[in-house]
Amino acid sequence: ARGHHCPVPTLRLRRAVQDARPGSVVKLMADDPMARIDVPPFAQEKSLDLIHRGDDGAVLSFWIRTPA
């Protein structure tokens with residue numbers, strides 16, 4: 001989702017987890033700072049497990065496990 005602004009990163013995450021197999025890990029990479037605010041509540045609302053959150057300054061990364 002790099003190069004896209006809110007709400008696109010969350011929408012891409014939604015599509016990715018819908019298409020993923022149960023128990024899969026999806027990695028979202030975004031460079032919109034709003035992803036820090038939007039992604040964790042989205043994951044919690046959808047009962048997804050946010051297992052890693054990274055920030056290298058330019059790119060944010062979120063590793064999210066889908067329910068088994």
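Q: Valine 39: buried or exposed?
A: Buried. This is a predicted model, and in it valine 39 has a relative accessible area of 0%. The cut-off for buried is under 20%, so valine 39 counts as buried.

Q: Where does valine 39 sit?
A: Valine 39 is in helix 2.

Q: Which residues is it in contact with, leaving aside neighbours within four places in sequence?
A: Valine 39 is in contact with Thr10, Leu13, Leu28, Phe62 and Ile64.

Q: And proline 7, what separates its C-alpha from that of valine 39?
A: The two C-alpha atoms are separated by 9.7 Å. Along the chain, valine 39 and proline 7 are 32 residues apart.

Q: Cavities next. How many of 30 Å³ or more does a search of the whole structure find?
A: The search finds 1. The space in the largest cavity is about 30 Å³.

Q: Which residues line it?
A: The lining is Cys6, Pro7, Pro9, Thr10, Asp32, Met34, Ala35, Asp38 and Val39.

Q: Which helices supply at least two residues of the lining?
A: Helix 1 (8-19) and helix 2 (35-45) each do. Helix 2 gives the largest share of that lining, with 3 residues.

Q: How many bridges pair strand 1 with strand 3?
A: Strand 1 (residues 25-30) and strand 3 (residues 60-65) pair over 6 bridges, in the antiparallel sense.

Q: Which residues stand opposite each other there?
A: Valine 25 stands opposite arginine 65. Lysine 27 has tryptophan 63 as its bridge partner. Methionine 29 stands opposite serine 61.

Q: What about strand 2, how many bridges join it to strand 3?
A: Strand 2 (residues 49-55) is joined to strand 3 by 6 bridges, and the two run antiparallel. Aspartate 49, for one, has arginine 65 as its bridge partner.

Q: Back to strand 1. Which side chains point to which face?
A: They alternate along the strand. Val26, Leu28 and Ala30 point to one face and are buried.

Q: Serine 61 came up. Is that one buried or exposed?
A: Serine 61 counts as buried, at 13% relative accessibility. Its place is in strand 3.

Q: What does serine 61 touch, not counting residues up to four places away in sequence?
A: Serine 61 touches Lys27, Leu28, Met29, His52, Arg53 and Gly54.

Q: Now the hairpin of strand 2 and strand 3. How many residues lie between the strands?
A: There are 4 residues between the strands of that hairpin. Glycine 57 in the hairpin takes a positive phi near 100°.

Q: And alanine 58, buried or exposed?
A: Alanine 58 is exposed, with a relative accessible area of 54%. The cut-off for exposed is over 50%. Alanine 58 lies in the loop between strand 2 and strand 3.

Q: Which residues does alanine 58 touch, again not counting residues up to four places away in sequence?
A: Alanine 58 touches Ala30 and Asp31.

Q: How many residues apart are alanine 58 and alanine 30 in sequence?
A: They are 28 residues apart in sequence. In space, alanine 58 and alanine 30 are 8.7 Å apart, C-alpha to C-alpha.

Notes
Residues are numbered from 1 along each chain as its sequence is written. This is a predicted model: local features need pLDDT of at least 70, side-chain atom pairs count only at pLDDT 80 or more; totals for chains, interfaces and linings use all residues. Side-chain values use heavy atoms; hydrogens and water are left out. Two strands pair if DSSP finds at least two bridges between them. On a 1 Å grid over the protein atoms alone, a cavity is a set of points where a 1.4 Å probe fits but cannot get out, and a pocket is an open set with protein on both sides within 12 Å along at least five of seven lines; lining residues have an atom within 4 Å of a point. Grid points are joined across faces, edges and corners, and a volume is the space filled by probe spheres set on the points. Buried means under 20% relative accessible area, exposed over 50%, partly exposed in between (1.4 Å probe, protein chains only). Contact means heavy atoms within 4.5 Å.
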